[in-house]
Amino acid sequence: MSNGIFITLEGGEGAGKSTQAGRMAERLESLGYAVTRTREPGGSPNAEEIRNLLVNGAPDRWTSTAETLLNYAARDSHLNETIRPALERGEIVICDRFMDSTRAYQGTAGGTDPDLIKTLEEAVIRKTMPDLTLVFDLDPTLGLGRTTKRAQAGEDRFENKPLEFHEKLREAFLDLVKTEPERCVLINAEQDIDKVFDDIWSVVEPRLTK
Ligand code: TMP
């Protein structure tokens, strides 16, 4: 049985998730919590290899169904090799993207059959659902404007999809907060980074006594 806490960060491109994940990890560690900070796709050696296939290359390189399967192959490894062991050790796991990115990118925006995604969620995630999901919301034109730095590193396959794709993503994430309000909390990522962190902390702190 796991007694750790599983927190995921979700949202469109350039929302500032990585910066905020780092700040959250720092704050938690300064309070004495053991933290595993990880990301998807990736987070284990095998999953990082799959990540390279997903984030590099032409935007139409994979069908959305192939992307779903690759993400779930990576997620299976990540859960078994990184997330579940950390939760079993009682740690707080902070994961930059997880299952809701597949729902939004491959499902709502990409057109993958939602039943396939549901079947994979049940087979791969099983009971390891996030305890808390922070959904970073911002205008996609703002977010895409912030991602130039990473594009230089080459990991820009999804950023190169048309604006319409990114607008659908935003709607998908907003719907998620409406349909799963217990787990998912909306964070206004258009604010100044200190204010974003204050909002995050006001949601995370009360959940630390789990
Ligand atoms: P990152 O930008 O957070 O590093 O994530 C890499 C890209 O992978 C990002 O454009 C979103 C995309 N992605 C999916 O399309 N489906 C998924 O299930 C995950 C985890 C990420």
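Tutor: Happy to! The lining of the largest cavity has 13 residues, and those nearest its centre are Gly-12, Glu-13, Leu-138, His-166 and Arg-170. A cavity here is a set of points on a 1 Å grid over the protein atoms alone where a 1.4 Å probe fits but cannot get out, and lining residues have an atom within 4 Å of a point. The model is a predicted one, in which local features need pLDDT of at least 70 and side-chain atom pairs count only at pLDDT 80 or more, while totals for chains, interfaces and linings use all residues. Residues are numbered from 1 along each chain as its sequence is written, and side-chain values use heavy atoms, with hydrogens and water left out.

The largest cavity holds about 120 Å³ of space, where grid points are joined across faces, edges and corners and the volume is what probe spheres set on them fill. The count of cavities of 30 Å³ or more comes to 1. By residue type, the lining splits into 7 nonpolar, 3 polar and 3 charged; nonpolar covers Ala, Val, Leu, Ile, Met, Phe, Trp, Tyr, Cys and Pro, charged covers Asp, Glu, Lys and Arg, and the others, including Gly, are polar. At least two lining residues each come from strand S4 (132-137), helix H6 (140-145) and helix H8 (163-179), and H8 gives the most, with 4 residues. These elements are DSSP runs numbered from the N terminus, helices being H or I with at least four residues and strands E with at least two.

S4 and H8 also lead us to helix H4 (residues 99-108), whose buried residues pack against both of them, as well as against S1, helix H3 (64-88) and helix H5 (114-125); contact means heavy atoms within 4.5 Å. Of the 10 residues in H4, 8 are buried, so the helix is largely enclosed by the rest of the structure. Buried means under 20% relative accessible area with a 1.4 Å probe and protein chains only. Among the buried residues of H4 are Met-99, Asp-100, Tyr-105 and Gln-106.

Strand S1 (residues 5-11) pairs with S3 in the parallel sense over 5 bridges, pairing being at least two DSSP bridges between two strands, and Phe-6 stands opposite Val-93. Strand S2 (residues 35-39) also runs parallel to S3, joined by 5 bridges, with Arg-37 opposite Ile-94.

Ile-94 and Ile-7 are among the residues touching the most other members of the largest nonpolar core, which has 25 residues. Such a core is a set of buried Ala, Val, Leu, Ile, Met, Phe, Trp, Tyr and Cys residues joined through side-chain atoms within 4.5 Å. Its largest share, 6 residues, comes from H9. A second, separate core of 13 residues includes Cys-95.

Cys-95 lies in S3 and is buried, with a relative accessible area of 0%. Leaving out residues up to four places away in sequence, its contacts include Phe-6, Ile-7, Thr-38 and His-78.

Definitions and conventions: 1 Å grid on protein atoms, 1.4 Å probe; cavity = no way out; pocket = protein on both sides within 12 Å on 5 of 7 lines; lining within 4 Å. Buried < 20%, exposed > 50% of the residue type's maximum accessible area, 1.4 Å probe, protein only.
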